[in-house]
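These are my notebook entries on a structure that I had not looked at before. I set down what I looked up, one topic at a time.

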Protein chains: 2
Amino acid sequence: VTAQRGVRGDVAVLVPAAGQGVRLGPGHPKALRCLSGEPLLVHAIRRAAAVPSVGQIVVAAAPGAVKLVSELLVGVVPADISIEVIAGGSSRQASVASALTAVGPRPIVLVHDAARALAPPELFERVAAAVREGHPAVIPVVPIVDTIKYVDSAGMVGGTVDRTALRAVQTPQGFRRDVLVAAHGCAVDEHTDDAGLAEKLGVPVFTVPGDDRALKITRPVDLVVAEALLTRRGPSGRA
Amino acid sequence: VTAQRGVRGDVAVLVPAAGQGVRLGPGHPKALRCLSGEPLLVHAIRRAAAVPSVGQIVVAAAPGAVKLVSELLVGVVPADISIEVIAGGSSRQASVASALTAVGPRPIVLVHDAARALAPPELFERVAAAVREGHPAVIPVVPIVDTIKYVDSAGMVGGTVDRTALRAVQTPQGFRRDVLVAAHGCAVDEHTDDAGLAEKLGVPVFTVPGDDRALKITRPVDLVVAEALLTRRGPSGRA
């Protein structure tokens, strides 16, 4: 596996991890919330580092947490993968843009939320493979199991959405490096994901199947769920 | 609590439980899949029976499973609540319509999926209370945490949905009895929920906050998640 990594290495992973986790409780960057005794960020980085084609990982931490995060990641990433921790910006988008400037000449960039700490290595590889096969932007998606309704500000239903054409988006999202640079160069909308920025440039965005383990861990109940998934899959979180 | 039930009792709960659980694996009605050693249906009915204003419960079982389901529910429902198990139809909608004919003169009817087996009694009460306060149709909803995209049949993204106005719908859904009867009398669309049928009649549908425990248990991973939620809340599943 180590040999494969060294041979390939065409993928850089960016992890914006500077946000405050208000929904998981105040006072702590959400990426540093603990799951089974380890910060979410460490779970996420360990899985990213287990992806054979990943050669570089860049973490954007809160400016005051760069040193702490660097120390947390000692020993998590093998020596043949480049790891950098930089100071993130005031928004997720600013953090991704900063991390992007630290990426070397690798043709494929994945952007991954630390809150999706249990996204398995094979999901990273699936997204990267689709970019390598020629798709400039690739996102993992899962079907929506619940009925979805439009609801107005008074709490009244405005209609039922046809969910057969809708998918919930996970991360890592994958991009040709030049596409992600262009998307962030033009970014004006703070309320969209990275693929949304690419969409605004007219870049076609392709989808691949997501993974139940890539759930977003943002609320206390999600920690309970994530612990259960970890236990089912064994201590490493790998199937 | 028993006294309260006898006093109020203005609510009937209908539970369509005739469907096959293809997503949880074939060969077994999905309502009879086990969670912590008990069928999902038993978990669901026990919680419905713990709602102070519920006076009647009607379960629509697969025609070949009426006797089995009746036996499973012995002792689950207190003697002061009427419980009937009827043969369901070939679709969820047909099962609800059949169950509706078995409802006595109670003014409020809740329709609840057995697959949402851990929906807590307070969620039933919240929905029923909103109907009692004058809303003819009421659904519990939760925010959507993931980004949502339109995806075409070729797997390409067609755009990002503004999820601020979208909510995921749970059950129990609550109705004035005459409204639900009218909705099912006019039903032609097999692909909508009960509130969707009411919407088609022009009935205003109100929303109340849902509950994390009311997740739909349809895939093997959902059973893992549900077990975790049960453990967190104690053996009864109540907070």
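**Entry 1: the contact between the chains**

I began with charged pairs and counted eight salt bridges between chain B and chain A. I note at the outset that the model is a predicted one. For one salt bridge I looked up the partners: D212(A) pairs with R219(B), and their closest N and O atoms are 3.0 Å apart. I then turned to polar contacts, and the rule finds 20 residue pairs across the interface of chain B and chain A, both residues being at pLDDT 80 or more.

Next I asked which elements give two or more residues to the side of chain B that touches chain A. They are the strands β8 (147–151), β9 (157–160), β10 (166–169) and β12 (205–209), together with the helices α7 (194–200) and α8 (220–233), of chain B. The largest share of that side, six residues, comes from α8(B). By residue type, I recorded 23 nonpolar, six polar and 10 charged residues on the side of chain B that touches chain A.

I also looked up the extent of the contact. Chain B contributes 39 residues and chain A contributes 39 residues. The area buried between the two chains is about 3,600 Å², and carbon and sulfur atoms give 60% of that area.

**Entry 2: how the copies are related**

I superposed chain B on chain A, which takes a rotation of 180° with 0.0 Å of shift along its axis, at an RMSD of 0.0 Å. This is therefore the relation of a two-fold axis. The same surface serves both copies, as 100% of the contact residues of chain B recur in chain A. Which residue of chain B comes closest to the rotation axis? I found V225(B), whose C-alpha is at 2.6 Å.

**Entry 3: chain A as a whole**

I counted eight helices and 12 strands in chain A. The chain has 239 residues, of which 57% count as buried. Among contacts in chain A with a separation of 6 or more, 73% are accounted for by residues 24 or more positions apart.

**Entry 4: D222(A)**

I located D222(A) in helix α8 (residues 220–233) of chain A. Is D222(A) buried or exposed? It counts as buried because its relative accessibility is 6%, and the cut-off for buried is under 20%. A polar atom of the D222(A) side chain lies 2.7 Å from the backbone nitrogen of R219(A). Leaving out residues up to four places away in sequence, I found that D222(A) touches K216(A) and I217(A).

**Entry 5: D194(B)**

I placed D194(B) in helix α7 of chain B. D194(B) is buried, with a relative accessible area of 2%. With which side chain does the side chain of D194(B) make a polar contact? The partner is the side chain of H184(B), at 2.7 Å. Beyond four places in sequence, D194(B) touches R92(B), V96(B), V111(B), Q173(B), F175(B), L180(B) and H184(B).

**Entry 6: G202(A)**

Finally, I looked up G202(A), which is found in the loop between α7 (194–200) and β12 (205–209) of chain A. G202(A) counts as exposed because its relative accessibility is 59%, and the cut-off for exposed is over 50%.

Terms used. Residues numbered from 1 in each chain as written. Chains lettered and ligands numbered in written order. Predicted model: local features only at pLDDT ≥ 70, side-chain atom pairs only at ≥ 80, totals over all residues. Heavy atoms only, no water. Helix = DSSP H or I, 4+ residues; strand = E, 2+ residues; numbered from the N terminus. Buried < 20%, exposed > 50% of the residue type's maximum accessible area, 1.4 Å probe, protein only. Least-squares fit on C-alpha atoms with pLDDT ≥ 70 in both. Contact = heavy atoms within 4.5 Å. Polar contact = N/O pair within 3.5 Å; in protein donor to acceptor, adjacent residues only side chain to side chain. Buried area = accessible area lost by both parts, 1.4 Å probe. Salt bridge = Lys/Arg side-chain N within 4 Å of Asp/Glu carboxyl O. Nonpolar A, V, L, I, M, F, W, Y, C, P; charged D, E, K, R; others polar.
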